Amino acid sequence: PDEHLDLDDGRWEDIHVVTGALKLFLRELPEPLVPFSHFDKFIAAIKIQDPSLRGRCIRDLVLSLPPAHHDTMKVLFRHLCRVVEHKEENRMSVQSVAIVFGPTLLRPASEEGNMAMHMVFQNQVVEHILNYYGYIFPD
């Protein structure tokens, strides 16, 4: 059924409700924003020691995403960059945003591997995309 949301409704005033809904939506997708097929590639790329090579690899991986994934990522990360710009008021630094969204946006197809290790790299990928948004998504 068509659902019409009244964003002026008082229950949307709490930013945690909106953020929680966004995270839940992204987590419930049949495939994450970074497709399962790309998970290991992003993890390998973030581990590259040479900063310029790492940057090019991640940019190329983002470019290689299916159009719907790429375009959604561009809009989402543009918004998350705006959130980080207000970190003095909202206490959401690049690191905080990465901790919140890393495991939601990138996850392995099976939960077998070392989850703690994965999480570090998942967060680093999100941090990298936030820090280099203009390079990864040139207008």
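## Largest pocket

Helix α1 (15-28) supplies the largest share of the lining of the largest pocket, 5 residues. This is a predicted model, in which local features need pLDDT of at least 70 and side-chain atom pairs count only at pLDDT 80 or more, while totals for chains, interfaces and linings use all residues. Residues are numbered from 1 along each chain as its sequence is written, and side-chain values use heavy atoms, with hydrogens and water left out. Helices are DSSP runs of H or I with at least four residues, numbered from the N terminus.

The pocket holds about 390 Å³ of space. Of its 14 lining residues, Ile15, Thr19, Val83, Met92 and Phe101 are the closest to the centre. Helices α1, α4 and α6 (94-105) each give at least two residues to the lining. By type, the lining has 10 nonpolar residues, 4 polar and no charged; nonpolar covers Ala, Val, Leu, Ile, Met, Phe, Trp, Tyr, Cys and Pro, charged covers Asp, Glu, Lys and Arg, and the others, Gly among them, are polar. A pocket is an open set of points, on a 1 Å grid over the protein atoms alone, where a 1.4 Å probe fits, with protein on both sides within 12 Å along at least five of seven lines; lining residues have an atom within 4 Å of a point. The volume is the space filled by probe spheres set on the points, which are joined across faces, edges and corners.

Threonine 19 is located in helix α1 and is partly exposed, with a relative accessible area of 30%. Burial is classed by relative accessible area (buried under 20%, exposed over 50%, partly exposed in between; 1.4 Å probe, protein chains only). Between threonine 19 and aspartate 60, 41 residues apart along the chain, the C-alpha separation is 29 Å.

Valine 84 belongs to helix α4 and is buried at 9% relative accessibility.

## Salt bridges

There are 2 salt bridges in the structure, each a side-chain nitrogen of Lys or Arg within 4 Å of a carboxyl oxygen of Asp or Glu. One joins aspartate 60 and arginine 59 at 3.6 Å, N to O. Aspartate 60 is partly exposed at 42% relative accessibility, and arginine 59 is partly exposed at 23%.

Aspartate 139 pairs with lysine 74, with 3.5 Å between the closest N and O atoms. Aspartate 139 is exposed, at 92% relative accessible area.

## Aromatic contacts

The structure has 1 aromatic pair. The ring centres of tyrosine 133 and phenylalanine 137 are 5.0 Å apart with planes at 35°, so the pair is tilted. Rings of Phe, Tyr and Trp (its six-membered ring) pair if their centres lie within 6.5 Å, and planes under 30 degrees apart are stacked, over 60 edge-to-face and the rest tilted. Tyrosine 133 is buried at 13% relative accessible area, as is phenylalanine 137 at 3%.

Lysine 47 sits over the face of phenylalanine 121, 4.7 Å from the ring centre (NZ of Lys or CZ of Arg within 6 Å of the ring centre and within 35 degrees of the ring normal).

## Backbone at arginine 91

Arginine 91, in the loop between α5 (87-90) and α6, has a positive phi of about 55° although it is not a glycine. Most residues other than glycine have a negative phi. Arginine 91 is exposed, with 69% relative accessible area.
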